[in-house]
Amino acid sequence: MENIFECVPNFSTSNLKIVEMILNEIKNTPNAFLLDYYFDDCYNRLVVSFIGNKESVLKAALKAAFKSVELIDMREHKGQHPRIGAVDVVPFIPVKNATIKDCVGLARKFGEILAKKCGVPVYLYGEATAKPKRSDLDWIREGEYERLAEMIVKPERKPDFGPAKPHQTAGATITGARKIMAGFNVNLGTADLNVAKKIAKSLHAKKGGLSNVKAMAALIPEKTITQVGMSISDFEKTPLYRVFELLKIETARYNVPIISSEFCGMVPLKVLIDIAAYYLKISNLTEARVLEIAVQNAIEKGGAFE
């Protein structure tokens, strides 16, 4: 069976026309399949998920990146999510018959081509870099776009590809390889951003929270609420129900109600199984006991009807 890779690029825009043009680049790439996309004015950010084989996923990622560099002007960009460029981050993820090593190769090829063709400085992160400090998105994004010109000239911050200066309109790009992760946002019944930041800090791994968790707070002014946005990089070691239980403790501490929650991007089945098993106290729930998975496995083993 052919290898399958996922790519989840994040672009610094919520302009509907630009969003549509970026998505069309992916849709019009043979053997690349758009799975999901999400954008809003709060973060002013577009998150896309698509899959393909090694050749098609790289081609689609590059086409979307070229279009973004052409259309997005970071000098006019404002948003609550940390970012350093129009094509902010482009992770490659192994899905089936693929490895992290394969994804490292894709990330490096993507960065090399984007820098060469567009003059955009590119940083490698995650498994794609051999330098532990540079594997962290937070470290690379320090100062964000507004201080990029100042930060990029520091010797320890030299880009992996391209010039040591920001692209005039597109800033810089980060690309790398990582495992499948879970993106999870929770809306809180308070407009007090300081309280939301305290709750997010209690969850964030590097600020005393849970391992494998990054969390940030954002204001959603049109609804007079706040949101804690989280990414769980290893949901097997830090299951989502554990994150949510800590969140409940911290919101109760500040007498803040949880209004709703949402997944950002595609959600892995393992996450849903863990949640169901924990809250429903199911002792024998596994992927093999999910009907659709069992049917798919039977078909792949040659059990399809003739």
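Six aromatic pairs are counted in this predicted model, where rings of Phe, Tyr and Trp (its six-membered ring) pair if their centres lie within 6.5 Å; planes under 30 degrees apart are stacked, those over 60 are edge-to-face and the rest are tilted. Tyr37 and Phe39 make a stacked pair, with 6.4 Å centre to centre and 10° between the planes.

Residues are numbered from 1 along each chain as its sequence is written. Local features need pLDDT of at least 70 and side-chain atom pairs count only at pLDDT 80 or more, while totals for chains, interfaces and linings use all residues; side-chain values use heavy atoms, leaving out hydrogens and water.

The interior may be considered next. In soluble globular proteins, nonpolar side chains tend to be buried together. A nonpolar core is a set of buried Ala, Val, Leu, Ile, Met, Phe, Trp, Tyr and Cys residues joined through side-chain atoms within 4.5 Å. The largest such core has 53 residues, of which Phe11, Phe50, Phe92 and Phe110 touch the most other members. Helix H2 (residues 54–71) gives the most to this core, namely eight residues. A second, separate core of 23 residues includes Val195, Leu210, Leu240 and Val271.

How values were computed. Buried < 20%, exposed > 50% of the residue type's maximum accessible area, 1.4 Å probe, protein only. Helix = DSSP H or I, 4+ residues; strand = E, 2+ residues; numbered from the N terminus.
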